[in-house]
Amino acid sequence: MPNLLPTRDAARPQKNVGLGLILTALGIAVLGVSFPAAAQPGQQKLYAYSSAGDNQWVSDWPPIDSAATVRALFEWYAKTYNVKRMYWRGEQDRMWLQHYRFRREIPLYYEFWTEWLRYLSDEVKTDDLAVAAAHRQGMQIYIFDGLFEHATQGDAGGCGMFPYQCEDKLRQEHPEWCPVDRWGERVCPGPIEFCYPEARKALVARYLRHVTKYGYDGIGFYTYVENYGLRYLDEYGFNEPIVKEFKRRYGVDIRTEAFDKEAWGKLRGEYLTQFLRELHTALTKRGKKLCFTLRGDKPNLPQRWLGLTTDFPGAGRVHHDWETWVKEGLVDELMVWFGSAPEDKQKLAKRIRELAGGKPIEVTIADSSPFDAQWKPFIEEGVALVTVTAPGYGADRFSLEPTSMETLKSHDWKLRAQTLADVAAGKLKTDSATVATLVSDPHVLVRREAIRSLAALTATEQVPLIEAALTDAESS
């Protein structure tokens, strides 16, 4: 999956080594302002983000590679944390499998996508299972996708890979739609330029099809790209329609003369706004919602991928005119994303709410500490925080009930799993023989935690049980 993770508090989503990087960029946060009293789980409106494909790489993330594990994830977050909406990145995998071409020149990723993820998508049907599980638990479920993430030409690297693993067929079949540099020589890896009406139409049709055909309640977009191709902020975006329109407005040829970069970035942003206008109109007719994420410190620019050491966004200078989006009602939700200081997220959230007035535009914030006291004023106003379905984001306990050795016998699989997790963490003391009885538990996540607990207990006498678990019908 795409995006990288440097620290748990930084925004994330990424993959494995490169994946780990991926994961971090994707974390999410909801609105905030300091407040003394702590909010308790279950007393607030909480949403969650699942990075899906990253779960197939990162060993301590919840597995979602079977009917049982997908259903368990949704039951867990619905019943333990009362999560009411899931942002599901898994549909991004299905879109890539249907609309992108993968490169054999990078065997690990090629086989991961064309063998393993295709098997999960087409045969296990993890995305369809997720939609059904969400609705069974009374949750909404949104597709979560990269607005500018259409992968790249082969000469770009990213996320521990080179050449890049794949590229959107739209970029390959319409190379003119790719952002280009001033000299028309280099092509920006990742985005499709929104200045082409035909490109906007093709993307609207794609997103509308996936939202409606597969039963999602909406779609949300993050704006970073996971590659190392951009060398400086204003490198790309000199496509012919942009050059002509800038010349018409300002009498300047941006390819050969000095020009106002802010005005140029805003022009590119106008085409993005037009795309959102067209997509939102199409979604609204079908009762579907549109969510857009903003970085707290620089909301008018795309997000940066945390796999980069630079602070500028890989999508380049594309003005995010969120003020116009709010005024015209072009989005249903603005999510203040990871990767910036809490005070920046708080300030932006307040600005959005003030500008929205009474308009039905939801404001959410992604945060690795969604139950922190600083969010209480927003929680009291009905603002939802967004967590990540992964360790380190505040909502990673299977059960909030107190555990003891007696709870290993609970009828609730979540409480059994949490008891084992507490054993592994050293919070409960027991012998390996007691834990070993859970290796054959009916629930896959309990069996998984039992194996982890045996490892934590260095139960060398139980090695045969651990070896036998390698042939468990549930590969995770």
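Among the elements that cover the buried residues of helix α8 is helix α9, where buried means under 20% relative accessible area, exposed over 50% and partly exposed in between, with a 1.4 Å probe and protein chains only. Helices (H or I, at least four residues) and strands (E, at least two) are DSSP runs numbered from the N terminus. The model is predicted; local features need pLDDT of at least 70, side-chain atom pairs count only at pLDDT 80 or more, and totals for chains, interfaces and linings use all residues. Residues are numbered from 1 along each chain as its sequence is written, and side-chain values use heavy atoms, with hydrogens and water left out.

Helix α8 spans residues 240–250, and its buried residues are I242, V243, E245 and F246. Just after α8, G251 adopts a positive phi of about 70 degrees.

The chain contains 16 helices and 10 strands. Its radius of gyration is 23 Å, close to the 23 Å that the globule rule gives for 476 residues, so the chain is as compact as a globular protein of that length. This radius is taken over C-alpha atoms, and the globule rule is 2.2 Å times the number of residues to the power 0.38. The C-alpha trace spans about 80 × 50 × 40 Å along its principal axes. Of the 476 residues, 61% count as buried. Contacts (heavy atoms within 4.5 Å) with a separation of 6 or more come to 71% from residues 24 or more positions apart.

In the sheet, 8 strands close into a barrel in the order β1-β2-β4-β6-β7-β8-β9-β10, with parallel pairing. The twist averages 25 degrees from one strand to the next; axes are lines fitted to C-alpha atoms, for helices over the stretch in contact, and angles run from 0 to 180 degrees between N-to-C directions. Helix α9 (residues 261–285) packs on the sheet and touches β6 (218–222) and β7 (289–295), its direction making about 145 degrees with that of β7. Strands count as paired if DSSP finds at least two bridges between them. Strand β1 (residues 46–50) pairs with strand β10 (residues 384–388) in the parallel sense over 4 bridges, and A48 stands opposite T387 in β10.

Residue L120 is part of helix α4 (residues 107–124). L120 counts as buried because its relative accessibility is 3%. Apart from neighbours within four places in sequence, L120 is in contact with Q56, D65, K125 and T126.
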